[in-house]
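Here are a few notes to read alongside the model. Have it open as you go through the points.

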Amino acid sequence: MFIASYFASYELVLFSIIIFAFGSGCVLSMAPVGALYVFPSLKGQAAAMYGSLQMLGVFVITFIATHLTNSIEMMATLLSCISILGLIVLTMHKLPKKIKHET
């Protein structure tokens, strides 16, 4: 989308938004299940925390987006930054964790 915005082709920008929305739909349908799976005995609290964090994230992104200029380049930059941040979080989550042994 970032590259397509410089060609001023709305069809390419729309196609990249469709791909982004499809990926978001896949992730957003599996994320609550993963959050509740981790805490099976605390499903109510886990659902409340997940919902609160999701609303906080949407608030922050919307707050940032409303203070940017209205252009396709800014929207592409914001979505690219969100995607890169998501990849960083995913990579950090998948790193092997060191197990501490009590002696």
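1. The chain has four helices and zero strands, running α-α-α-α from the N terminus. Helices here are DSSP runs of H or I with at least four residues, strands are runs of E with at least two, and numbering starts at the N terminus.

2. Before going further: this is a predicted model, where local features need pLDDT of at least 70 and side-chain atom pairs count only at pLDDT 80 or more, while totals for chains, interfaces and linings use all residues. Residues are numbered from 1 along each chain as its sequence is written, and side-chain values use heavy atoms, leaving out hydrogens and water.

3. How much of the chain is buried? Of its 103 residues, buried ones make up 10%. Buried means under 20% relative accessible area, exposed over 50%, and partly exposed in between, with a 1.4 Å probe and protein chains only.

4. Have a look at the largest pocket, which holds about 1700 Å³ of space. Its lining takes in 36 residues, and Val27, Leu28, Ala31, Tyr50 and Gly86 lie nearest the centre. Helix H2 (10–38), H3 and helix H4 (72–94) are the elements that give two or more residues to this lining, with H4 giving the largest share, 13 residues. (A pocket is an open set of points on a 1 Å grid over the protein atoms alone, where a 1.4 Å probe fits, with protein on both sides within 12 Å along at least five of seven lines; lining residues have an atom within 4 Å of a point.)

5. What is that lining made of, by class? It has 25 nonpolar, ten polar and one charged residues. Ala, Val, Leu, Ile, Met, Phe, Trp, Tyr, Cys and Pro count as nonpolar, Asp, Glu, Lys and Arg as charged, and the others, Gly among them, as polar.

6. Ile64 sits in helix H3 (residues 43–66). With a relative accessible area of 41%, Ile64 is partly exposed.

7. Tyr10 belongs to helix H2 and counts as exposed, at 58% relative accessibility. Tyr10 and Ile72 are 62 residues apart in sequence, yet their C-alpha atoms are 9.1 Å apart in space.

How values were computed:
Grid points are joined across faces, edges and corners, and a volume is the space filled by probe spheres set on the points.
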